[in-house]
Amino acid sequence: MPRGAFIAVEGLDRSGKTTQVTNLETRFQAAGIDVKLLKFPDRTTAIGKMIDAYLRSQSELDDHAIHLLFSANRWELATTIERLLNEGTIVVCDRYAFSGVAFSAAKGLDLDWCRSPDVSLPAPDVTLFLDISPEKARERGGYGEERYEKEELQRKVRTIFSKISGEFSAEKWVTVDAGRSQEDVAADVWSFVEGFAAGVHSPLQRLWTRNENERDSFNT
Ligand code: Z5A
Ligand code: MG
């Protein structure tokens, strides 16, 4: 029996990730396919509550410490992700480890150091990167109140996402122009993932390890 596909959706602030993952969930469900939507940070866990307080500027943490908490927040769901995939459920993630690396590196931390705590997490079969210019994002109501919602940081984050994307093959990292209408973006997103509806026959890979099909793997 094929396993479920692991689909990550990444992107800048206001790029429409939550809108698009919700739409994907609806489309897979309508097709009678088991799907589970996850969101990182998962603010419901004990670690997630610490992250939430930090993002709302209700607590202060060293940049390395908050980075490790974001990673731990993924690790606490790693076995759940693996179990769901093995049961044949499609897992769709709203942000994943690439956000972790991009935001912390944009703050000035070493890129390879940023990757290390996430090495060997379940690797997405495909990552859809919703790309939007800060100008377009601003048209969507501007940035909010949270710590990272500032244009200068978002520009740096976009540059680092672009660097990360260069490490993956075109099948594994798909950049979608998210500055268009919700319907146009949704049509593109669906065209890239509908092939995964039937499941995946290859084994689940591990993020940033030798067995992951990357052009320029962290460990090689
Ligand atoms: N972070 C980190 O540092 N390290 C990590 O490891 C992880 C995350 C996982 C919180 O993330 C912060 O955590 C984030 C990165 C950091 N900081 N920043 N920036 P979050 O995921 O919880 O953030 P969020 O609150 O969900 O916001 P968001 O992700 O930026 O929004 P979005 O999901 O991309 O967009 P949306 O909610 O779908 O849409 C935004 C608005 O635009 C909304 O009014 C929509 O109706 C509208 N919209 C959506 N699509 C369109 C189109 N196509 N046209 C016009 N309007 C649209
Ligand atoms: Mg969101």
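The lining of the largest pocket in this predicted model is made up of seven nonpolar, eight polar and 10 charged residues. The volume of the largest pocket is about 460 Å³. In total, 25 residues line the largest pocket, and those closest to its centre are Asp-13, Pro-41, Arg-43, Arg-95 and Phe-103. Two or more residues of the lining come from each of helix 1, helix 3 and helix 4. Helix 4 makes the greatest contribution, supplying four residues to the lining of the largest pocket.

Pro-41 is placed in the loop that runs between strand 2 (35-39) and helix 2 (46-55). The peptide bond that leads from Phe-40 to Pro-41 is cis, and its omega is near 0°. Arg-95 is found in the loop between strand 3 (90-94) and helix 4. Although Arg-95 is not a glycine, its phi is positive, at about 75°.

The shell holds 25 residues, and Asp-13, Lys-17, Thr-19, Arg-74 and Arg-95 come nearest to ligand 1. By residue class, the shell around ligand 1 consists of seven nonpolar, nine polar and nine charged residues.

A polar backbone atom of Arg-14 is 2.9 Å from an oxygen atom of ligand 1. For Ser-15, the distance between a polar backbone atom and an oxygen atom of ligand 1 is 3.3 Å. With Gln-182, the ligand atom concerned is a nitrogen, and this nitrogen atom of ligand 1 is 3.2 Å from a polar backbone atom of the residue. The area that ligand 1 exposes when taken alone is 1,100 Å², of which the protein buries 81%.

Key: Residues numbered from 1 in each chain as written. Chains lettered and ligands numbered in written order. Predicted model: local features only at pLDDT ≥ 70, side-chain atom pairs only at ≥ 80, totals over all residues. Heavy atoms only, no water. Near = heavy atom within 4 Å. Polar contact = N/O pair within 3.5 Å; in protein donor to acceptor, adjacent residues only side chain to side chain. Areas by Shrake-Rupley, 256 points an atom, 1.4 Å probe, with all protein chains shown as cover. Nonpolar A, V, L, I, M, F, W, Y, C, P; charged D, E, K, R; others polar. 1 Å grid on protein atoms, 1.4 Å probe; cavity = no way out; pocket = protein on both sides within 12 Å on 5 of 7 lines; lining within 4 Å. Points joined across faces, edges and corners; volume = space filled by probe spheres on them.
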